Amino acid sequence: MNQLNDAKILLVDDDLNFQKVTMFTLQKMGAHVVSAFDGGQALEWWEDGQFDLILTDIRMPKMDGMALLRAIRRKDSEIPIILITAHGDIELAVEALQSGANDFLTKPFDRDRLHSKIVRCLKLMHLE
């Protein structure tokens, strides 16, 4: 499995257990991970840091993942954003992609699927 070559990933999810497991998984893949519990906190981290990719849950309190996606896309059209949800809603996936998400994951997902989506998004970013 290709490593993520020190990619800096912003992980946004209000579920502490999911966040810990996903952070551990991403770190084992070679990424540097910064985590946030909601879109508002993530937006602050994003404005202060250089990230290669954002991996965010959709359903969160305060500012959800869709609002975060739209806020970031107003300022940055290039950073890859992958949205995550526990609710496999096709309409929501379509809305996310139309709003500028690069990809969409439904919980639960396995390590290989997460890795392949991140690698694909990072490769596309470097091709543009």
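Author: Let's begin at I54: setting aside neighbours within four places in sequence, I54 is in contact (heavy atoms within 4.5 Å) with L10, V12, W46, I72, I79, P80, I81 and I82. A word on the basis: this is a predicted model, in which local features need pLDDT of at least 70 and side-chain atom pairs count only at pLDDT 80 or more, while totals for chains, interfaces and linings use all residues. Residues are numbered from 1 along each chain as its sequence is written, and side-chain values use heavy atoms, with hydrogens and water left out.

I54 belongs to the largest nonpolar core, which has 24 residues; those touching the most other members are L10, V12, W46, I54, I72 and L83. Such a core is a set of buried Ala, Val, Leu, Ile, Met, Phe, Trp, Tyr and Cys residues joined through side-chain atoms within 4.5 Å, where buried means under 20% relative accessible area, exposed over 50% and partly exposed in between (1.4 Å probe, protein chains only). Two or more residues come from each of β1, β2, α2, α3, β4 (81–85) and α4 (90–98), and α3 gives the most, with five. Helices here are DSSP runs of H or I with at least four residues, and strands are runs of E with at least two, numbered from the N terminus. Apart from this core lies another, of 20 residues, among them I9, L53, F109 and L122.

W46 leads us to helix α2 (residues 39–48), where G39, A42, L43 and W46 are buried. Down the axis of α2, these buried residues fall within an arc of 100° (taken from the directions from the helix axis to the C-beta atoms), so they line one face of the helix. They pack against β1 (8–12), β2 (32–36), β3 (53–57) and α3 (65–75). The face turned away from the buried side of α2 carries the exposed residues E44 and D48.

From there, turn to β1: four of its five residues are buried, so the strand is largely enclosed by the rest of the structure. From β1 the chain crosses through helix α1 (residues 16–28) to β2, in a right-handed β-α-β crossover. Strands β1 and β2 run parallel, joined by five bridges, and I9 has V33 in β2 as its bridge partner. Four bridges join β1 to β3, also parallel, with L11 opposite L55 in β3. Two strands count as paired if DSSP finds at least two bridges between them.

Methods. Right-handed = clockwise from strand over helix to strand, strands pointing away.
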